[in-house]
Amino acid sequence: MAPVLLLRVCGLLCAWSLVTGHPCSLDHQGWADCNRKSLLHAPSSLPSNITGLDLSFNSLVVPRHGTLLMDFPSLHSLNLSGNALLALSPAVFSNLRALRVLDLSSCSIASLHTDAFKGLKNLHTLLLRNNSLQELEAAFLLPLKALSHLDVRHNALVSVEAASLWALEAVPRVQLEGNPWVCSCAVRPLWHWLRHRQAVQVTCASPPGLQGQEIAALDSQDLGCPMMQRFPRGVSTEQQVTASNSNTTTLPTGKGGRSWPYLVGFLVAAISLSILIALAAKCKLFHKNFASYRHQPLPETSSIGGSPMEHSSDWDRGSLGSHPMPSAADLQAEDDDGFIEDNYIQPNEQLPEEEEQESHLSI
């Protein structure tokens with residue numbers, strides 16, 4: 001049954017080709033070959049149910065608005081290589097939702113719009129080799145959820161942003177060879193990514209001292225970066241990209257960057273040390289003053305005989321016989337600390353002087 005259907009399809013395609021007279025050849029698998037036919041547009045006479053279309057090396061004109069191929073929604077493979085497309089308008093392939101392979105090699109494409117591949121959710125192979133791409137932005141890769149092969153060999157790429165490499169992490173096969181990679185500090189994100197993707201062999205084009213050497217085999221000092229962050233093999237590329245972005249967005253030292261915590265710590269330490277020194281000085285002065293004022297008042301003595309007065313708290317009568325009584329001169333010399341004490345002349349010592357004055361007055 002199947003061979004009969006294939007023969008019928010082939011016959012219909014051949015008959016359609018003879019009737020319409022289009023320059024493309026059709027095969028029994030639904031593939032239309034329009035290679036090198038100097039076409040400006042895809043032939044509208046082709047069957048709408050074809051699954052493959054080769055329009056390579058023609059002179060196709062890409063519309064500024066709308067889609068390129070409106071009449072072939074069943075295409076699985078499309079070859080547009082060798083056409084001077086230069087630029088792709090937004091959503092130019094949005095009607096080809098079944099497309100799986102797209103070949104845009106040697107089309108002199110210098111840039112890609114962020115929505116150039118919008119709607120191609122089933123695309124798994126994108127060939128962009130031999131173009132003039134200078135940047136590989138992550139935005140145009142986001143709609144390509146099923147992409148498994150990306151070929152950007154022999155373009156004008158000198159470096160790749162970390163965000164784009166993060167988007168390429170989900171693509172199993174990425175071909176980057178043949179680009180004029182400049183092995184400087186700007187290629188650091190690619191250096192991290194290549195060390196994680198060991199299967200990709202990418203070499204330096206400049207500077208001359210590193211020309212021809214693999215980027216992944218270089219050391220951080222070879223790239224000219226003073227502070228290169230090393231990642232272990234088990235760290236994912238997403239974590240590496242996050243760390244790289246956080247390092248690149250850090251403000252330089254002296255302009256509000258990482259120096260302010262050290263400055264705050266230094267100020268706190270200086271203030272704390274000053275407070276401790278002040279406290280130590282005050283404590284020393286306090287102890288000095290306290291020691292200078294530690295003294296005892298002289299024992300009470302009589303002004304007439306110079307013998308100490310009897311006092312129950314100072315002298316014990318029972319101890320007079322066993323210990324000699326100190327003289328007033330000894331007590332004064334023992335407790336003389338250089339200070340003039342007030343109120344040390346007791347009221348009972350002033351009485352004889354008053355009586356003597358009164359006696360003189362009476363005489």
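**View 1. The C24–C34 disulfide.** C24 and C34 are joined by a disulfide, with an S to S distance of 1.7 Å in this predicted model. The link of C24 and C34 is right-handed, with 120 degrees about the S-S bond. C24 sits in the loop between α1 (2-20) and β1 (25-26), and C34 in the loop between β2 (31-33) and β3 (52-54), so the bond ties together parts that are ten residues apart in sequence. C24 and C34 are both buried.

**View 2. The C183–C204 disulfide.** A disulfide connects C183 with C204, S to S 1.8 Å. The torsion about the S-S bond of this pair is about -95 degrees, so the disulfide is left-handed. Distant parts of the chain are linked here, 21 residues apart: C183 belongs to the loop between β8 (173-175) and α3 (188-196), and C204 to the loop between α3 and α4 (237-248). Both C183 and C204 are buried.

**View 3. The C185–C225 disulfide.** C185 pairs with C225 in a disulfide, S to S 2.0 Å. With a torsion of about 125 degrees about the S-S bond, the disulfide of C185 and C225 is right-handed. C185 lies in the loop between β8 and α3 and C225 in the loop between α3 and α4; these distant parts of the chain are 40 residues apart. C185 is partly exposed at 32% relative accessible area, whereas C225 is buried at 6%.

**View 4. Disulfide pattern and C107.** The protein has three disulfides. Counting bonded cysteines along the chain, the pattern is 1-2, 3-5, 4-6. C107 has 0% relative accessibility and counts as buried.

Technical notes. Residues are numbered from 1 along each chain as its sequence is written. This is a predicted model: local features need pLDDT of at least 70, side-chain atom pairs count only at pLDDT 80 or more; totals for chains, interfaces and linings use all residues. Side-chain values use heavy atoms; hydrogens and water are left out. A disulfide is a pair of cysteine sulfur atoms within 2.5 Å. Helices (H or I, at least four residues) and strands (E, at least two) are DSSP runs, numbered from the N terminus. Buried means under 20% relative accessible area, exposed over 50%, partly exposed in between (1.4 Å probe, protein chains only).
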